[in-house]
Amino acid sequence: MAKAYSPGLQISQRVLHSSRRILPIPGDVLVKVGDQVSSQQIVAQTFMPGDVTPINVANQISVAPSEVPNCMLFSEGDEVQEGDILARSKGIFGFFKAEMTTKTSGTIESISHVTGQVILRGAPLPIQVRAYQAGTVKEVIPEQGVVIESEVTFLQGILGIGGETYGLIKFACQNNEQDLEADLLDESMQGKIVIGGARMTGEAVKRGIEIGVAAIISGGMDDEDLKEILGYDLGVAVTGSENIGITLIITEGFGDIAMAERTFNLFKEREGAEAAVNGTTQIRAGVLRPEIVIPLSEHTKPDTTSETKSETEMGILEIGVPVRIIRDPYFGLLGSVSQLPTELQTLESGSESRVLEVILESGKTVVVPRANVELIEG
Amino acid sequence: MNSTTAKQFDLDQINVILATDCGSTTTKAILIEKINGEYRQTYRGEAPTTVEEPAADVTVGVVNAVTEVGELAGRKLIDENGEIIRPAEGDTGCDIYISTSSAGGGLQMMVAGVVREMSAASAKRAALGAGAIVMDTICSNDKRLPHEQIQRIRELRPDMILLAGGTDGGTQKHVVQLAELIAPAKPQPRFGGTYKMPIIYAGNQEVISFVEETFDEDVKLTTVANVRPILEQENLAPARDAIHDLFLEHVMAHAPGYNKLISWADAPIMPTPGAVGNILQTIAEQEGINALGVDIGGATTDVFSVFDGTFNRTVSANLGMSYSVSNVCASATLPMILRWVHLDMNPRELQNHIKNKMIRPTTIPQTREALVFEQAVAREALRLAYIQHKEFATTLKGVQQQRTVGDTFSQNTSGQSIVDNIKLDLLVGSGGVLSHAPNMNQTAAMMIDAFEPEGMTILAKDSIFMMPHLGVLAQVHPKAALQVFERDCLIYLGTCIAPRGFYRTGKTCFKYQITGNTINQSGEMMCGEMKLFPLAQDERATITVEPKRGYDFGAGSGKRMEFEARGGTVGLILDARGRPLMVPAEEKQHLAQLTSWVQELQLYPDNHSK
């Protein structure tokens, strides 16, 4: 039970980070180990088999399915163009022949004598994978993709909407407790990654979409606003494929909640830098959180390396570590662990649970279930 | 051992049984020992499941969970090589080791059939019964155009596909057409790589050769007997067996560490829900009862039922208490949830709380308000999952009805739900929100409000979600499985007695007389009332009920009935709220009635305050 708490979100000023960039099906890798790549460079590409169009030839030329192969003017593997006559019936004594023309171009994949169907496959669809994270190609996985590594400032959010995007970091809010309202956004933010403070309002998101902002990152948002932006109620936290014209990331949660000061200050340090943002979230087994990756160039690298941590060093719940409470009645409050009693305690709800004691930033001490805190990692 | 067959044992020589269930997040291990000639579950342990990095080997989690059980039991179960010791000798080892698995999201399938209500429904029942999550059902009448169906097949990444369609000697064209949609779509399996997509064909046996012709070597095609050989009959067993075999040979074999786990186990590893279905069927058959089981998890809710020997299972994929909690609220709507809340709450804050629970699913309610709200959500999740189950568990559709003059006024048609609350004998609940409720009265209340049992129904909960382990054990050692199920698996909550009939304000619903060793009570129940009588575990009482006209306990409207009720940790609950259950629309009246139910059932006693 030593891990009966939520692993926290990673907030690192400087970390050696790698991204796996893999094609969905085998293809060609366009770079080699050691290459320097920029975030939007295409590193691998392939072609998906084209879309399939089934054509019921038997019905269209009024013949039995078994006669279709004999009526076909093309064979399996032949290419046809839109408007080509695909099949012609024998007619009666050579008269009253029926024929059909294709409405799409493609290659004939199969001709069925059982169903009278012809399967036409369209041109292959290209799929390209970008580097996403500027850095060095560390590994090439033949026919599949690459692993790119570089030192970056790395921040995770709690929930995102929309997929990958890129841009320069620009601030809209003065501090982490200021709500991101529509009037704080202007034309200069087009194509930028806009950092807010506390709650982003629905109006601000709409304004961001109008301007063409690449992404908005802020502390929280209201459930009602999200529903309106998406046009539906988000039932499960599996996101990334939304097509709303912007990527949104909330760093803390739903409601009126300020961005953690440390997160805000870290963004501030990197103001003006180019970032790659991915809103894809999957809160299921194999959890994925939205992320902001800001590569460190040589002259932006801080002198200290003390912030670089390996994954295994993180995630130990012990006295003194900073935590965020993630459930009512103290939702969103920050503090540090002051006691870790081992015995179960009865909560106000009547449930028995292992708890811990947290000294809040205000100096007040509260007792919460261990499951209701997350470590502030980084 | 062949991965798909169980080992043979001398059952009398079996004294120690070890069972594990590898869930998505936790691997649970239990120890069953023969004590004074009876099998009892003695110790349990758990550890995080290790199918993902850094361990990426499911057996690591299994060894950790088993080690914990061993330490608690004072029995050495793992040897120096990190393997399970067998057979049992003194205080080391075990005689049988078995396991179930739902790690990595369980078994995910796509099914296809010609007509949605007929062969496609049969295929879906076979897949669900085998313990799969059905991602989509493709059929000729699903209102999608062929290219849309192909697009959908391409997007899905199932573990396997079950293709059915046509009775034997029936339609050929439509079945082959379905194969022609699937083959060019080139469905990609979830685990990718060199893995060939398993496709099971269980349709019209006369077109097997055409179906074989349609698929190329990119897929692994297995043909089995038709799931619907004639319209009046379903034959699901061959398809279910094929699913289990392919699950082990293909899906499991590609999951990290499973080859080792399969070699350890003395019986085929089953998908967790498949094993739960197994034990419920065994119990219903042995006891001659109709039983309903529910497992409400974080992401999904599974409902299992056995009515008149027919087993059905449904998975409500997005009705759950954490990952899918927001979907429950979207489907049920907030006002429907709030009808179970007797405390004042702010709707806007609640909506944000729901979303926060969705994004941080491991948190638990700390305050009374949070608990009341969470249990209200659970009622709606269970209710919706049960509605889906009732719609799915039907008599066969498309069967021609023989009607006589006597049926003139009967509206019965084929495809009626076989789930009938008045025939239900045993209702078993499991899953965190039911199993870990601070008091069991809350568990009973949630189950009654959600399932609305009618007549007499015994309520029980699965103490530590042991049903999956026992489901596999039933295949190797049925006697041990049944003994443990009866003695250790179920915690009997008590009995609920409720008539079918509409609520009528201010009217008497029924009279009752209860006679037992420690109880002797009689009285009248007004409409809308609930009463709780203590009746201890292992105690029985006779209840005679005399319903007013319009109320039915199973013998007919207004007919007197006598029941033998079983006691439990909660007791005997009389429920005169009417069925279907409605709450008063007027807010004050609703709150007063809700509060009276909360108080009568002692749901949130004051001593739980800080």
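This report describes selected local features of a predicted model.

## Basis of the description

The model is predicted, with local features requiring pLDDT of at least 70 and side-chain atom pairs counted only at pLDDT 80 or more, while totals for chains, interfaces and linings use all residues. Residues are numbered from 1 along each chain as its sequence is written, chains are lettered from A and ligands numbered from 1 in the order in which they are written, and side-chain values use heavy atoms, without hydrogens and water.

## Nonpolar cores

The largest nonpolar core comprises 89 residues; such a core is a set of buried Ala, Val, Leu, Ile, Met, Phe, Trp, Tyr and Cys residues joined through side-chain atoms within 4.5 Å. Buried denotes under 20% relative accessible area, exposed over 50%, and partly exposed in between (1.4 Å probe, protein chains only). The residues with the most contacts inside this core are Ile216(A), Leu248(A), Phe373(B) and Phe451(B). Its largest share, 11 residues, is supplied by helix H12 (residues 368-392) of chain B; helices (H or I, at least four residues) and strands (E, at least two) are DSSP runs numbered from the N terminus.

Beyond neighbours within four places in sequence, Phe451(B) contacts Leu292(B), Val294(B), Leu382(B), Tyr386(B), Asn421(B) and Leu427(B), where contact means heavy atoms within 4.5 Å.

## Asp136 of chain B

Asp136(B) belongs to strand E6 (residues 132-139) of chain B and is buried, at a relative accessible area of 13%. Its side chain makes polar contacts with the side chains of Arg144(B) at 2.9 Å and Arg152(B) at 2.7 Å. A polar contact is a pair of N or O atoms within 3.5 Å; within protein, one must be able to donate a hydrogen and the other to accept it, and residues adjacent in sequence count only if both atoms are side-chain atoms.

## Backbone features

Most residues other than glycine have a negative phi, and most peptide bonds are trans. Tyr132(A) has a positive phi near 70° and lies in the loop between strands E11 (125-130) and E12 (135-141) of chain A; Tyr132(A) is buried, at 2% relative accessibility. Asp308(B) also has a positive phi, of about 50°, but is exposed, at 55% relative accessibility.

A cis peptide bond joins Asp328(A) to Pro329(A), with omega about 10°. The bond from Arg86(B) to Pro87(B) is likewise cis, with omega near -10°, and Pro87(B) is located in the loop between helix H1 (58-73) and strand E4 (96-101) of chain B.
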